[in-house]
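Please read the following briefing alongside the sequence and the model. It is meant for a reader who wants the geometric criteria stated next to the values.

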Amino acid sequence: MKIHLLIVDDEVLAIEGVKSDLDLTKLGISQLFTAINIRQAKELFERERIDILLCDIEMPQGSGFELLTWVREHHPNTVTIFFTSHADFKYAKEALQLGSVDYLLKPVRALDLEAAIFKAQAIIKRNSEFQRNSQSHQLWLKHHAFIIERFWVDLINHSIPSQPAAIRDQVDLHHIPITEESVFLPILISVQKWKKEMNRRDEKILEYALKNSAEEILIGDGANGICFHLDRGVLLVIMVANRGTNWDYERLYRACERYIHSCNAYFYCDLSCYFGNAVEAYEMAGMVAQLRRHDRNNVAFVNQVFLHHEFEAAIPHAKLPALGVVASLMKTATKDAVIHEVESIVRSLINNHGINAEMLHQFNQNFTQVVFSYLNLRGIEANQLFGDEASRHISESAVRSISEMLVWVRHAVSKAMIHADAVKETEKIVQTVKAYISLNLDQDMTREMIADQVFLHPDYLTRIFKKETGLVLSDYIVLEKVKVAKELLSRTERPVSAIASTLGYTNFSYFTKLFKKHVGVGPMEYRSQNNKDQ
C-alpha cells in the first residue's frame, strides 16, 4: 500500500527534523509533501491524494484543529496525527486521540512517530475494506462529518421548516440516511462551569475533546448517531433507530454518568446531560427547545443526568422568602453570620421547593437591594464599591447558577460590611482629631502631633481626613482658629493682639493677613461691622 504523507508545521526546522527521522521505504511512503501553513496544506489537498496528515497544533495562521475540521469535511478518508511542543496540552491528550491516530509531544521520537504512522496505515487499510464492502457505509462516511450535522443544525434553528415535506426534500437532496421509519433520541450536553481559567483557544480545544469523548462513550461503535456543537459549551447527541425500537435508557443513562465522570476528571468542567423524548425529525426543533429551556432553568444541580419526565416535577411553585432577617443581621451581626443565613435560605429553596432561573434572578435582585440599602444608610455609594472589574464579573455571573450566586453573596456581604466598618472607624478617627484640634487651638499644631493622638501615619491621617471632611488638616485648623477669632472679636473687648496670641499666633501681622484672607476684612473692621450690626 503506497502512502502519501503531508507534514504541516510553521517551523521549517521542525519539518526537516521529522523528515530526517522518516524511513520512507520502511514506512511505505511513496510521496512526502510539506506545508508551513493551512493555506498551503489546503492547496496540496486539492492537487494530491493525502492519506496521512502529520500536523502541528499551534500555528500563527490557523490551528491544526481548524485544518482537521476542514479535512474531515472535504477529505474524510485522511487520517491525522497531531504533534505539539506545548506540554500544557497534556490534559487534552486522551481526548485528542479519539479524533486522531495519536498526539505526539515535540521533540518527537523516531520510534513514536513510526508507531503512529503504522497505526494510521492500519486505519487506512480498514477503511478501504469498509469502502469496498459497503457502498452505504461509504455514503455515510462522506456525509457524516458535515452534511448531516448541517441538516440537523438548520432544522433546529428553523432554517429548514419543521414540516415532514420540507424535511423529505432535504433528505432526498443531500442523501441524508433518514427513512420514513427513523426516530431520534436527543441528548443535550451543557457545560455548566469550567474549573480553571483559560483563554478561548484552550476552551475550544477542550470542547473538541468533549465532542470526541461523547461520540466514543455515548454513541460508541454499536449504535447509530451523531454529536455536534449546538452553541458555545453546548453539545447535542442525536441517537437514531427505527420506529418501534425499545431504547436502552438504562445503558444510555449509565453511559452519560460515565461521560460526566470522565469530563470532570480530564477536561476540568462541570456539566449535565438532558434526555429528550424519542421524536420524529419534524419534532426535533421543538424537543431541543425544551431541552435548552430545562438547561437554563437548572441553576441548582451540576454533573447530573436528567430524564425528560423529571423536568415538570422540578418546576418550583414557591414564593421567594423575604430577606428582612438578612437586612437586620447586616446591621447587628458579623458578616459570617449574614452569609450563613443567606446560604441557609438558598439551601431551603433547593431542598423544599426547587428554584429555576427566573426565581434565581428575582432572588438576586432582592439580595442586591438589601446590600445596597445597607450601604445607602451609611452614605456609601454602591457603584464605587462594586465598580471594579472583579465585582462586575462576579455580579453578572450570579444569575447563572446557585454556586455562582453564593460566590456573589460572599463577595458582596464581605466587601460591604468590611467597608462599612472601615467608614465607621474613619468617622471615629476624624471626630477624635477634630476634638483634639478644638482643645489645642492655642498651639502651633503639626500633622505629626495630631497623628500621634490617633496612632496613625501623618500621610494616612491626611488622606482619610480630607476624604471625610473635604479639607486638608492645615486648612481645617486655620478655619477653626478663624471661627474662634470671629467669636472673640464680636463678643469680647479683648485686644486683637491678645486674641491672636490666644490662638497661637505670635506674629500679629501674619494673623491679620490670614484673617482677612478667609473673612474678607481685617480683624478691626470685622469687629467694627459686628458691633454696628448689634
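Predicted model: local features only at pLDDT ≥ 70, side-chain atom pairs only at ≥ 80, totals over all residues.

Residues are numbered from 1 along each chain as its sequence is written, and side-chain values use heavy atoms, with hydrogens and water left out.

**Domains**

- The protein is divided into domain 1 (3-132), domain 2 (138-313), domain 3 (323-423) and domain 4 (440-531), with bounds that come from an automatic or database domain assignment.
- The C-alpha centres of domain 2 and domain 3 lie 36 Å apart, and five residues of domain 2 are in contact with ten residues of domain 3, where contact means heavy atoms within 4.5 Å.

**Pocket and cavity**

- On a 1 Å grid over the protein atoms alone, a cavity is a set of points where a 1.4 Å probe fits but cannot get out, a pocket is an open set with protein on both sides within 12 Å along at least five of seven lines, and lining residues have an atom within 4 Å of a point.
- Grid points are joined across faces, edges and corners, and a volume is the space filled by probe spheres set on the points.
- The second largest pocket holds about 1000 Å³ of space, and of the 31 residues that line it, Q192, K193, W194, R400 and E404 are the closest to its centre.
- Two or more lining residues of this pocket come from each of β6 (182-194), α12 (284-297), α18 (389-397) and α19, and β6 gives the largest share, five residues; helices (H or I, at least four residues) and strands (E, at least two) are DSSP runs, numbered from the N terminus.
- Domain 2 and domain 3 each provide at least three residues of the lining of the second largest pocket.
- By class, that pocket lining has twelve nonpolar, eight polar and eleven charged residues, where Ala, Val, Leu, Ile, Met, Phe, Trp, Tyr, Cys and Pro count as nonpolar, Asp, Glu, Lys and Arg as charged, and the others, Gly among them, as polar.
- A search of the whole structure finds two cavities of 30 Å³ or more, and the second largest cavity, with about 40 Å³ of space, is lined by I189, V191, E207, L210, H229, G233, V234 and L235.

**Helix packing**

- Axes are lines fitted to C-alpha atoms, for helices over the stretch in contact, and angles run from 0 to 180 degrees between N-to-C directions.
- Helix α16 (residues 357-377) and α19 pack at an angle of about 5 degrees with their axes 10 Å apart, which makes α16 roughly parallel to α19; angles under 35 degrees count as roughly parallel, over 145 as roughly antiparallel, 65 to 115 as roughly perpendicular and the rest as oblique.
- The residues of the contact of α16 with α19 divide into 15 nonpolar, two polar and no charged.
- The axes of helix α19 (residues 402-439) and helix α21 (residues 458-469) come within 10 Å and cross at roughly 95 degrees, which makes α19 roughly perpendicular to α21.
- In this second contact, T426, E427, I429, V430, V433 and K434 of α19 meet L461, I464, F465, E468 and T469 of α21, and these residues divide into six nonpolar, two polar and three charged.

**Backbone geometry**

- Most residues other than glycine have a negative phi, and most peptide bonds are trans.
- A cis peptide bond with omega of about -10 degrees joins K106 and P107, and P107 is placed in the loop between β5 (102-105) and α6 (110-133).
- H158, which is not a glycine, has a positive phi of about 70 degrees and is found in the loop between α8 (147-156) and α9 (164-174).
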